[in-house]
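User: I should like to learn how to read helices and their packing in a model. Could we work through one case together?

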Amino acid sequence: KVRAGAVTLERTRGWIAGAVAAAGTEVAAEVAAGRGYERVVAEGMVGLVTSGEAVSAERCAETLALDATHLRRLQKEVQGLTAAAAVMATLAHVLTGTGKAGD
């Protein structure tokens with residue numbers, strides 16, 4: 001399908017480019033030299049599941065479309081853990097007395 005032009009992988013290219021940019025210039029240099037792809041994929045996956053935009057087969061990289069349901073489940077778990085951590089940090093702040101006005 002890719003060779004026939006039915007699938008363009010446009011979203012996949014954008015996802016990889018965004019992951020390279022997020023990973024920094026050192027990783028970009030490694031990728032340009034033919035190395036560092038593992039770090040790019042890891043950065044991209046973390047960015048995907050921590051994004052505020054819901055993962056769906058229609059919106060994620062074409063190469064990840066078959067895993068969209070699993071990735072969405074991971075995204076929900078990350079969001080839940082983030083919310084729980086925020087509540088716990090707020091409670092710790094208030095319960096230790098550091099939550100007083102002017103602090």
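Predicted model: local features only at pLDDT ≥ 70, side-chain atom pairs only at ≥ 80, totals over all residues.

User: Is Glu30 buried or exposed?

Analyst: Burial is judged from relative accessible area, with buried meaning under 20%. Glu30 has a value of 18%, so this residue is buried.

User: Which residues is Glu30 in contact with, leaving aside its neighbours within four places in sequence?

Analyst: Its partners are Arg35, Gly36 and Arg39.

User: How is the packing of H2 and H3 described?

Analyst: Two packed helices are described by the angle between their axes and the distance between the axes. For H2 and H3 the angle is about 130 degrees, and the axes lie 9 Å apart. That angle makes H2 oblique to H3. On the H2 side the contact is made by Glu26, Val27, Glu30 and Val31, and on the H3 side by Tyr37, Arg39 and Val40. By class, the residues of this contact comprise 4 nonpolar, no polar and 3 charged.

User: Which residues of H3 are buried, and where do they fall when seen down the axis?

Analyst: The buried residues are Val40, Gly44, Leu48 and Val49. Seen down the axis of H3, they fall within an arc of 155 degrees, so they line one face of the helix. Their cover includes helix H1 (10-23), helix H2 (25-32) and helix H4 (68-95).

User: Where is Ala17 placed, and how far is it from Val40 in sequence and in space?

Analyst: Ala17 is in helix H1. Ala17 and Val40 are 23 residues apart in sequence, while their C-alpha atoms are 8.9 Å apart in space. Ala17 has 47% relative accessibility and therefore counts as partly exposed.

User: What does the span check give for H4, and which of its residues are buried?

Analyst: The 28 residues of H4 should span 40 Å at 1.5 Å a residue, and the end C-alpha atoms are 40 Å apart, which agrees. Its buried residues are Ala68, Leu71 and Gln75, and what covers them includes H3. Just after H4, Gly97 takes a positive phi of about 85 degrees.

Definitions and conventions
Residues numbered from 1 in each chain as written. Heavy atoms only, no water. Buried < 20%, exposed > 50% of the residue type's maximum accessible area, 1.4 Å probe, protein only. Helix = DSSP H or I, 4+ residues; strand = E, 2+ residues; numbered from the N terminus. Arc of directions from axis to C-beta. Contact = heavy atoms within 4.5 Å. Axes fitted to C-alpha atoms, helices over the stretch in contact; angles between N-to-C directions. Parallel < 35°, antiparallel > 145°, perpendicular 65-115°, else oblique. Nonpolar A, V, L, I, M, F, W, Y, C, P; charged D, E, K, R; others polar. Expected span 1.5 Å × (residues − 1).
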